[in-house]
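Have the structure open beside you as you read.

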Amino acid sequence: MVRDERGAALLAELVPGRRFQVLDMTVPAAREHLRALFASLRARGISLFKIDFLFAAALPAVRSDPSVTSLQAYRLGLAAIAEGAGDAHINGCGAVILPAVPYVDSMRVGADLTFSGTPPFWAAVAAAARNLAARRESIRWGVLADPDQPVLRGYTPDEGRAALAMAALSGGAFGDGDDLAALTEAQSAV
């Protein structure tokens, strides 16, 4: 695991209130662990991997090999995952964009909107549209933008149409995140 400058385990707050240790990608055994893990999952038929909180691997830290920069370590980890995943689709979330481009097929650009109990909110659609525009270069390089699954619940019909249009323009929407039976007639019409 990576360490802070005092030698203690670096704890990255990836989810508010929860902190996690970060693998040291300069350690060959750590990279092999990731490669073997993703190869095992791919061998079981998994063809879509959403790998999240990737930025943690690029945080400034003390690593076993001090000659490797944080971004180089980040790329080493992504390369190991991509090698293990083979032909599977890799969706990078919380990714440092440019260094991830050769290793991911899509990148999350929007908030997680489909969790039970998480009401959709218009600001999330606006932020995803802004992020989509900011990632146009990576899209041009063949990395799809993933705004999370579009949802209609909680939106007016006009907001729902805008959310679906933005998701369609991204090219990376993987399905609808709503309980279709719970939609109103107006939402279903959208």
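A residue counts as buried when its relative accessible area is under 20%. Asp4, at 12% relative accessibility, is therefore a buried residue. Once neighbours within four places in sequence are set aside, the contacts of Asp4 are Leu10 and Val62. Please keep in mind that this is a predicted model.

**The chain as a whole**

The protein chain has 190 residues, and 37% of them count as buried. Its secondary structure consists of 7 helices and 6 strands. Read from the N terminus, the elements follow the order β-β-α-β-α-β-α-β-α-α-β-α-α. How much of the contact in the chain joins residues at least 24 apart, among contacts between residues at least 6 apart in sequence? The share is 65%.

**The sheet**

An open sheet is built from 4 strands, arranged as E3-E4-E5-E6, with parallel pairing. Why is one side of E3 and of E6 left without a neighbour in the sheet? Strand E3 (48-51) and strand E6 (144-146) are at the edges and each has a single partner strand, so one side of each has no neighbour there. From one strand to the next, the twist averages 25 degrees. E3 and strand E4 (residues 89-92) run parallel and are joined by 4 bridges.

**Two helix pairs**

Two packed helices are described by the angle between their axes and the distance between the axes. The table sets out these values for two pairs.

| Helix pair | Angle between axes | Axis distance |
|---|---|---|
| H1 (residues 28-43) and H2 (residues 70-85) | about 30 degrees | 7 Å |
| H4 (residues 122-134) and H6 (residues 157-170) | roughly 25 degrees | within 10 Å |

Let us take H1 and H2, which pack at an angle of about 30 degrees with their axes 7 Å apart. At that angle, H1 is roughly parallel to H2. Their crossing is right-handed. On the H1 side, the contact is made by Arg31, Leu34, Arg35, Phe38, Ala39 and Arg42, while H2 brings Leu76, Gly77, Ala80, Ile81, Glu83, Gly84 and Ala85. Sorted by class, the contact of H1 with H2 has 7 nonpolar, 2 polar and 4 charged residues.

Now for H4 and H6, whose axes come within 10 Å and cross at roughly 25 degrees. That angle makes H4 roughly parallel to H6. The crossing of H4 and H6 is left-handed. H4 contributes Trp122, Val125, Ala128, Ala129 and Leu132 to the contact, and H6 contributes Glu159, Ala162, Ala163, Met166, Leu169 and Ser170. By class, the contact of H4 with H6 has 9 nonpolar, 1 polar and 1 charged residues.

**A closer look at Ala163**

Is Ala163 buried or exposed? With a relative accessibility of 6%, Ala163 counts as buried. Ala163 belongs to helix H6 (residues 157-170) and is one of the residues that make the contact with H4. Not counting residues up to four places away in sequence, Ala163 touches Val125, Val151 and Tyr155. Ala126 lies 37 residues from Ala163 along the chain, and the C-alpha atoms of the two are separated by 8.6 Å.

Technical notes:
Residues are numbered from 1 along each chain as its sequence is written. This is a predicted model: local features need pLDDT of at least 70, side-chain atom pairs count only at pLDDT 80 or more; totals for chains, interfaces and linings use all residues. Side-chain values use heavy atoms; hydrogens and water are left out. Axes are lines fitted to C-alpha atoms, for helices over the stretch in contact, and angles run from 0 to 180 degrees between N-to-C directions. Helices (H or I, at least four residues) and strands (E, at least two) are DSSP runs, numbered from the N terminus. Angles under 35 degrees count as roughly parallel, over 145 as roughly antiparallel, 65 to 115 as roughly perpendicular and the rest as oblique. A crossing is left-handed if the near helix is turned anticlockwise from the far one by less than a right angle, and right-handed if clockwise. Contact means heavy atoms within 4.5 Å. Ala, Val, Leu, Ile, Met, Phe, Trp, Tyr, Cys and Pro count as nonpolar, Asp, Glu, Lys and Arg as charged, and the others, Gly among them, as polar. Two strands pair if DSSP finds at least two bridges between them. Buried means under 20% relative accessible area, exposed over 50%, partly exposed in between (1.4 Å probe, protein chains only).
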